[in-house]
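Hello,

Here is the structure we spoke about. Please look it over, then read my notes on helix packing and aromatic pairs below.

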Amino acid sequence: MEETMALLVPFLGTTLGAAMVFFMKRQMNPGLEKLLLGFASGVMIAASVWSLLLPSIEMAREQDGSAWFPAAAGFLLGMAFLLMLDRLVPMQKSAMAVTLHNLPEGMVVGVALVGALMKNTGITMAGVLVLAVGIAIQNFPEGAIISMPLRSAGTSRLKAFWYGMLSGAVEPVGALITLALAEQVVVVLPYLLAFAAGAMIYVVVEELIPESQSGEYSNLGTVGVSLGFVLMMILDVALS
């Protein structure tokens with residue numbers, strides 16, 4: 001049950017965001033959007049440290065290898081992968097771009113879920129669920145960003161919602177692919193955990209924090225970061 005929730009929660013965030021086309025005539029309340037973006041940033045930063053990087057270091061140490069190398073190499077590769085994806089398909093240009101952007105986020109959840117299922121990695125199922133919630137919060141405005149402009153361009157509400165929802169469907173697919181390859185993943189899990197952390201930090205630095213700090217209500221974005229970071233830290237440490 002918990003595994004299924006972890007797989008579906010990010011997709012649910014995109015779906016709820018896309019559903020705003022049925023309820024909102026205009027954009028989301030700016031203050032609420034800043035708070036949510038900041039909160040998602042804080043959750044993802046803390047998750048990158050406690051749920052991904054620290055377990056990566058511990059697993060590498062237990063494998064009698066260099067404790068720091070897998071974390072450093074995987075992190076930089078994750079950053080480089082998202083940077084390359086951004087350059088090949090600029091994220092703000094189309095629904096297809098957002099869809100491609102969501103695939104590695106699904107794989108992040110899949111990698112964390114593999115770690116939690118192994119039972120000896122320091123990753124808890126509660127930590128995976130909170131990580132999934134953080135990604136879902138980030139996906140909420142993304143779903144609305146796709147569906148609402150389509151509606152403004154004359155697309156029916158139902159079709160605009162459908163396109164927004166489909167952009168998030170790749171996330172559980174990415175997670176399931178990672179789970180299906182679990183046996184192969186275990187060998188390089190320290191690298192993959194750090195890779196996922198690098199990908200998440202890239203999203204936070206490149207997209208979430210700049211959006212939360214632009215224009216008015218930037219203080220709400222900062223408050224959101226603090227709340228999200230502390231909540232994720234408490235849950236990950238207390239439940240580990």
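The axes of helix H2 (residues 30-62) and helix H5 (residues 125-152) cross at roughly 150° and come within 9 Å. Axes here are lines fitted to C-alpha atoms, for helices over the stretch in contact, with angles from 0 to 180 degrees between N-to-C directions. Helices are DSSP runs (H or I, at least four residues), numbered from the N terminus.

A note on the source: this is a predicted model, where local features need pLDDT of at least 70, side-chain atom pairs count only at pLDDT 80 or more, and totals for chains, interfaces and linings use all residues. Residues are numbered from 1 along each chain as its sequence is written, and side-chain values use heavy atoms, with hydrogens and water left out.

H2 passes H5 in a left-handed crossing (the near helix is turned anticlockwise from the far one by less than a right angle; clockwise would be right-handed). On the H2 side, the contact (heavy atoms within 4.5 Å) includes Glu33, Leu36, Leu37 and Phe39. H5 brings, among others, Gly127, Val130, Leu131 and Gly134. The residues of this H2 and H5 contact divide into 13 nonpolar, four polar and one charged. Nonpolar means Ala, Val, Leu, Ile, Met, Phe, Trp, Tyr, Cys and Pro; charged means Asp, Glu, Lys and Arg; the others, Gly among them, are polar.

Next, H1 and H6. Helix H1 (residues 2-19) packs with helix H6 (residues 157-166) at about 160°, axes 8 Å apart. The two are therefore roughly antiparallel (angles over 145 degrees). H1 passes H6 in a right-handed crossing. Phe11, Thr14, Thr15, Ala18 and Ala19 of H1 touch Phe161, Gly164 and Met165 of H6. That contact has five nonpolar residues, three polar and no charged.

Now the rings. There are five aromatic pairs (ring centres of Phe, Tyr or Trp, the last by its six-membered ring, within 6.5 Å). Trp68 and Phe69 are edge-to-face (planes over 60 degrees apart), at 5.8 Å centre to centre and 75° between the planes. Phe69 is partly exposed at 40%.

Phe81 lies in helix H3 (residues 69-88) and Phe195 in helix H9 (residues 189-213), so the pair ties together parts 114 residues apart in sequence. Ring pairs also link Trp68, Phe69 and Tyr191 into a cluster.

Best wishes

Definitions and conventions: Phe/Tyr/Trp six-rings, centres within 6.5 Å; stacked < 30°, edge-to-face > 60°. Buried < 20%, exposed > 50% of the residue type's maximum accessible area, 1.4 Å probe, protein only. Parallel < 35°, antiparallel > 145°, perpendicular 65-115°, else oblique.
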